[in-house]
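Dear colleague,

Please find the structure below, with the sequence alongside. My notes on what was found in it follow, and I would be glad if you read them with the model open.

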Amino acid sequence: MALVRCWAVGIVVLVVTEYVQMTLVYGPLAGPEGVGSFGAALALVHLPNLVCVVLATWAAARVHPEPWREMPVRHLAAACAVPVAAQVLLLALRPDVLDLAGVAFWMSTGVLLAGCAAGLLLDRLVWTS
């Protein structure tokens with residue numbers, strides 16, 4: 001039950017932050033034509049996505065209860081399952097955008113890994129202080 005609670009919190013945080021990103025950052029600044037350059041994609045897509053993944057991972061890790069927090073594999077599954085599942089869902093729904101040879105796939109994978117690592121680090125820093 002503890003994993004389900006963590007995943008539920010992670011889903012809520014990820015959905016809310018992605019919605020805010022799409023309505024406040026991407027929609028008004030990129031518009032319907034999308035981004036035109038690597039720098040614009042980095043600033044308008046990947047860096048805001050990094051913030052969303054960090055917050056979702058951190059929130060899920062924060063609600064993971066104490067007896068299971070000290071089990072690294074279980075804590076990793078509790079904290080990072082939602083962002084990883086979102087990445088897999090994105091790959092399943094839009095394989096044309098994220099082909100394995102494209103830069104977008106590797107950037108989003110890097111954002112996923114960095115976001116999960118930063119969220120876990122933030123949780124560890126806050127938990128131990």
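**A buried aspartate and its partners**

Asp123 is buried, with a relative accessible area of 1%, where buried means under 20% relative accessible area, exposed means over 50%, and partly exposed lies in between, using a 1.4 Å probe and protein chains only. Please bear in mind that this is a predicted model, in which local features need pLDDT of at least 70 and side-chain atom pairs count only at pLDDT 80 or more, while totals for chains, interfaces and linings use all residues. Residues are numbered from 1 along each chain as its sequence is written, and side-chain values use heavy atoms, with hydrogens and water left out.

Arg69 forms a salt bridge with Asp123, and the closest N and O atoms are 2.6 Å apart; a salt bridge here is a side-chain nitrogen of Lys or Arg within 4 Å of a carboxyl oxygen of Asp or Glu. This pair links distant parts of the chain, since Arg69 sits in helix 3 (residues 66–69) and Asp123 in helix 5, 54 residues apart. Arg69 is buried, as is Asp123.

Asp123 also forms a salt bridge with Arg62, with 3.7 Å between the closest N and O atoms. Asp123 lies in helix 5 (residues 103–128) and Arg62 in helix 2 (residues 38–62), so this pair ties together parts that are 61 residues apart in sequence. Arg62 is partly exposed, with a relative accessible area of 33%. A search of the whole structure finds two salt bridges, and through shared partners Arg62, Arg69 and Asp123 are joined into one network.

**The chain as a whole**

The secondary structure comes to five helices and zero strands, counted as DSSP runs numbered from the N terminus (H or I of at least four residues for helices, E of at least two for strands). With 129 residues, a compact globule would have a radius of gyration near 14 Å, and the chain agrees with this at 15 Å; the radius is taken over C-alpha atoms, and the globule rule is 2.2 Å times the number of residues to the power 0.38. Along the principal axes, the C-alpha atoms fill a box of roughly 50 × 30 × 20 Å.

Of the 129 residues, 33% count as buried. Among contacts (heavy atoms within 4.5 Å) between residues at least 6 apart in sequence, 69% join residues at least 24 apart.

With kind regards
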